[in-house]
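User: Hello! I am new to this structure and would like to learn how to read its features. Could you guide me?

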Amino acid sequence: FTFANFVVGKPNELAHAAARRVAETLDVTFNPLFLYGGVGLGKTHLMHAIAWDLQERFPDAKILYLSAEQFMHRFVRALREQDTFNFKETFRSVDILMVDDVQFIAGKASTQQEFFHTFNALVEIGKQIVISGDRAPVDMEELDNRIASRLQCGLVVDIHPTDYELRLGILQSKSEMYSRMYPGLEVEKGILEFLAARIV
């Protein structure tokens with residue numbers, strides 16, 4: 001999941017450009033960068049690509065990438081073990097916080113409250129936040145209004161469903177990758193075009 005193997009097309013070019021911009025510097029670019037779209041459209045790929053790029057450019061940077069579900073489980077464990085101080089210290093001392101699938105915490109009051117405070121603490125000290133979800137913040141009905149409002153303060157980017165050209169490009173990229181891994185592997189002419197047209 002790097003920028004090098006992310007196939008760019010009309011449906012995802014704005015998200016790709018925003019992700020590249022965030023990956024270029026530790027200075028806050030958009031806070032937060034919020035990527036949203038349906039399953040399999042590249043949100044997680046772009047988030048991983050940002051993290052890999054930042055890690056390569058800034059090896060000493062503290063980058064924390066996790067799913068919203070992992071955030072919740074770590075918070076619950078901190079409550080159970082009465083260790084919220086270390087939890088807060090871990091999350092509020094990073095240079096970049098990346099949370100995937102934020103819709104998972106919608107409706108979970110205590111987790112949302114802690115996420116809200118973590119978000120605010122990082123924004124106040126000028127740290128970058130990147131978040132993904134399956135919908136725009138305003139469309140997540142059970143998401144706390146304060147969180148939805150904060151998530152819309154930066155750049156909110158919709159990754160649109162793939163079109164024929166992008167699907168074909170992705171298939172060609174995968175085909176080339178597997179051909180390098182398995183010399184002699186060839187895809188018959190017309191197969192990729194057929195798949196790109198039939199699989200949406």
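User: Is glutamine 82 buried or exposed?

Analyst: Glutamine 82 counts as exposed because its relative accessibility is 75%; buried means under 20% relative accessible area, exposed over 50%, and partly exposed in between, using a 1.4 Å probe and protein chains only. This is a predicted model, where local features need pLDDT of at least 70 and side-chain atom pairs count only at pLDDT 80 or more, while totals for chains, interfaces and linings use all residues. Residues are numbered from 1 along each chain as its sequence is written, and side-chain values use heavy atoms, with hydrogens and water left out.

User: Where is glutamine 82 found, and what is its phi?

Analyst: Here is the general idea: most residues other than glycine have a negative phi, and most peptide bonds are trans. Glutamine 82 has a positive phi of about 50° although it is not a glycine. It sits in the loop between helix 3 and helix 4; helices (H or I, at least four residues) and strands (E, at least two) are DSSP runs, numbered from the N terminus. Aspartate 101 also has a positive phi, about 60°, and lies in the loop between strand 3 and helix 5. With a relative accessible area of 30%, aspartate 101 is partly exposed.

User: Which residues does a cis peptide bond join?

Analyst: Asparagine 31 and proline 32 are joined by one, with omega about 0°. Proline 32 belongs to the loop between helix 1 (13–23) and strand 1.

User: How do I read two packed helices?

Analyst: Two packed helices are described by the angle between their axes and the distance between the axes. Axes are lines fitted to C-alpha atoms, for helices over the stretch in contact, and angles run from 0 to 180 degrees between N-to-C directions. The axes of helix 4 (residues 84–92) and helix 5 (residues 109–124) come within 10 Å and cross at roughly 45°. Helix 4 and helix 5 are therefore oblique to each other; angles under 35 degrees count as roughly parallel, over 145 as roughly antiparallel, 65 to 115 as roughly perpendicular and the rest as oblique.

User: What is the order of the strands in the open sheet?

Analyst: The open sheet of five strands has the order 2-3-4-1-5, with parallel pairing; two strands pair if DSSP finds at least two bridges between them. Strand 2 (63–67) and strand 5 (155–158) stand at the edges with a single partner strand each, so one side of each is left without a neighbour in the sheet. Strand 2 pairs with strand 3 (residues 96–100) in the parallel sense over five bridges, and isoleucine 63 stands opposite isoleucine 96 in strand 3.
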